[in-house]
Amino acid sequence: MLRGFLAAISTLTFLSLGALAQDDHWPYMTLLTAPFTPPQLEVKKTGLTDPGYIFIGPRGNQPSGVAALIYDDDGNLVYQGPPDVSANFKVQRVFNQNVVTFWAGEMMFLGFGYGTVHILDNTYTEIYTVVLTGNFISPDGLPRDSYIDLHESHVTKRNTLLVTAYNVTQFDLTPIGGGVDQYMLDSLFFEIDIATNEIVYSWSALEHIQEIPLEQSKQDLVDEYGTLEMPWDGYHINSVELVDEGYIISLRHYWSSYYIHTNGTVMWRLSGEKGVGDFEIDDDAVFSWQHDIRVRNQTNDGMIMDLFNNANRPLETTAPTTGLSLAVDLVNRKVTTLRSLNDEDDVIHAISQGNYQLMSEQTNHVFMSYGSTSKVKEFDANNNVVLTAQFGDEGAVASYRGYKCQWKATPAWKPAVVVERNLNSATVLMSWNGATEYDNWAIYTASSLESTDHTFITSVKRTGFETAADVHNLRSPYFQVVARKGNIPLSSIIVPVS
Ligand SMILES: *[C@@H]1O[C@H](CO)[C@@H](O)[C@H](O)[C@H]1NC(C)=O
Ligand SMILES: *[C@@H]1O[C@H](CO)[C@@H](O)[C@H](O)[C@H]1NC(C)=O
Ligand SMILES: *[C@@H]1O[C@H](CO)[C@@H](O)[C@H](O)[C@H]1NC(C)=O
């Protein structure tokens, strides 16, 4: 059992091993004003970074703090979301406004998930909730409220959401050495209208078996796999991008990206393996077990394709994990490497997960999460590392993807305040989960919870997530605590002094 289990670990399952290790040396924050214990983010800056906050969704051997998290790039916590396993937490644009989106749900040990995509405005109010229902078969036979897989939650310019889904299907696996009535996972993707939750497009790999034959899968059929409970994951779809007249998808277990025409036809295959597929690739463009294939600068003649080249999987480390930016020439069917990103001083073999984010077309900075390795890195235009941040024990905590995004938020909720009363003074602890715009706190007297006339006592600069102020004037029974930007009040709350 163990051998088959280890050999077939594909994307997320190493975490169950991490959890068994009980090896939590990583420091976790304790806060007095919030019931969180998020991981401390250890940041190393080695150059000039682009502006933005770090968005991660860590999970693994953590004592707690599994949630969608935002930190500033000095490592201060800014936001902790609900205590859900999350993925793809980032800023996107929906109906012309900046929102944060994340997938939250349940991860199956087979390397996919069942969940829901949450879309929150800049007050963290949920404005859209995207679900996928339908006739799906799960390995445990249990129905789910929503079948959106964790791997993709990409908003398109037409205000739709591209998501992936996995479905257990009985299938003839004789082409890969199995039996006639075994089970595998079909890889599907859906385009869903965000406003109405209607499915506007769907596609299934198994319906295109002639164009994507099972024999081409790099995922061997081992031992116990091929049953209803342990279906063979032949394709492993992990990203979907909208392009003119179709979609570009990533099938990890084929080391390839495919252009799917809107009519469903597979128009071409770009393989990371030389001599395979419809393109001739240069030496640096070789990739395998990849994630997060993104497309930009699309014309009739070509496009730029960015991707996270894992180059490794559990039990094998073959080459450094790299970020690749490729020029795809559709006329001559040639692929030329534009950039290959690797920190020579900290070579990583990310055995699963990960992503590549072009932060800005002006600065050409790239942000990468190393998935199963609990690190993120920012590279500058010259491919030098300018920031590395770690959020857990190496190999025991993962963030499926990680992003660096600019974000402005003023939460719908009020600040949280704890007053620690001493004999003749008090320490006031203040935080405002998710708020990006305040830079200082002011404390005033208050005669009651409803009072409106207040006398200024003191103000203190914001220091990270939680700020402490010592107050010696204890003549009033209450304090009014105000989060401010300069002198402008943004939110306030009245709390008892003792
Ligand atoms: C899932 O697979 C089953 C067969 O196992 C099939 O009947 C069903 O239509 C599939 N669902 C989707 C959404 O493709
Ligand atoms: C889909 O469109 C492409 C491009 O026009 C064409 O080559 C292909 O045959 C079409 N497939 C089907 C099933 O109509
Ligand atoms: C891609 O497009 C952007 C915006 O149009 C442009 O600034 C950039 O130079 C293009 N990149 C390449 C490599 O062609």
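Predicted model: local features only at pLDDT ≥ 70, side-chain atom pairs only at ≥ 80, totals over all residues.
**Ligand 1**

Seven names make up the list of residues around ligand 1: Asn-135, Phe-136, Ile-137, Asn-167, Val-168, Thr-169 and Leu-188. Strand β10, which spans residues 160-171, contributes three residues to this shell, the most of any element. Sorted by class, the shell holds four nonpolar and three polar residues, and no charged ones.

Polar atoms of the protein approach ligand 1 at Asn-135, Asn-167 and Val-168. The table gives the atoms and distances.

| Residue | Protein atom | Ligand 1 atom | Distance |
|---|---|---|---|
| Asn-135 | backbone N or O | nitrogen | 2.6 Å |
| Asn-167 | side-chain N or O | oxygen | 2.4 Å |
| Val-168 | polar backbone atom | oxygen | 3.0 Å |

Ligand 1 on its own exposes 360 Å², of which the protein buries 60%.

**The open sheet**

An open sheet is built from four strands in the order β13-β14-β15-β16, with antiparallel pairing. Its edges are β13 (237-243) and β16 (266-271), each of which pairs on one side only. On average, neighbouring strands of the sheet are turned by 20 degrees against each other when direction is ignored.

At one end of the strand order, β15 (residues 256-261) pairs with β16 over five bridges, in the antiparallel sense. Which residue of β16 is the bridge partner of Tyr-259? The partner is Trp-268.

Technical notes: Residues numbered from 1 in each chain as written. Chains lettered and ligands numbered in written order. Heavy atoms only, no water. Near = heavy atom within 4 Å. Polar contact = N/O pair within 3.5 Å; in protein donor to acceptor, adjacent residues only side chain to side chain. Areas by Shrake-Rupley, 256 points an atom, 1.4 Å probe, with all protein chains shown as cover. Helix = DSSP H or I, 4+ residues; strand = E, 2+ residues; numbered from the N terminus. Nonpolar A, V, L, I, M, F, W, Y, C, P; charged D, E, K, R; others polar. Pairing = 2+ DSSP bridges. Axes fitted to C-alpha atoms, helices over the stretch in contact; angles between N-to-C directions.
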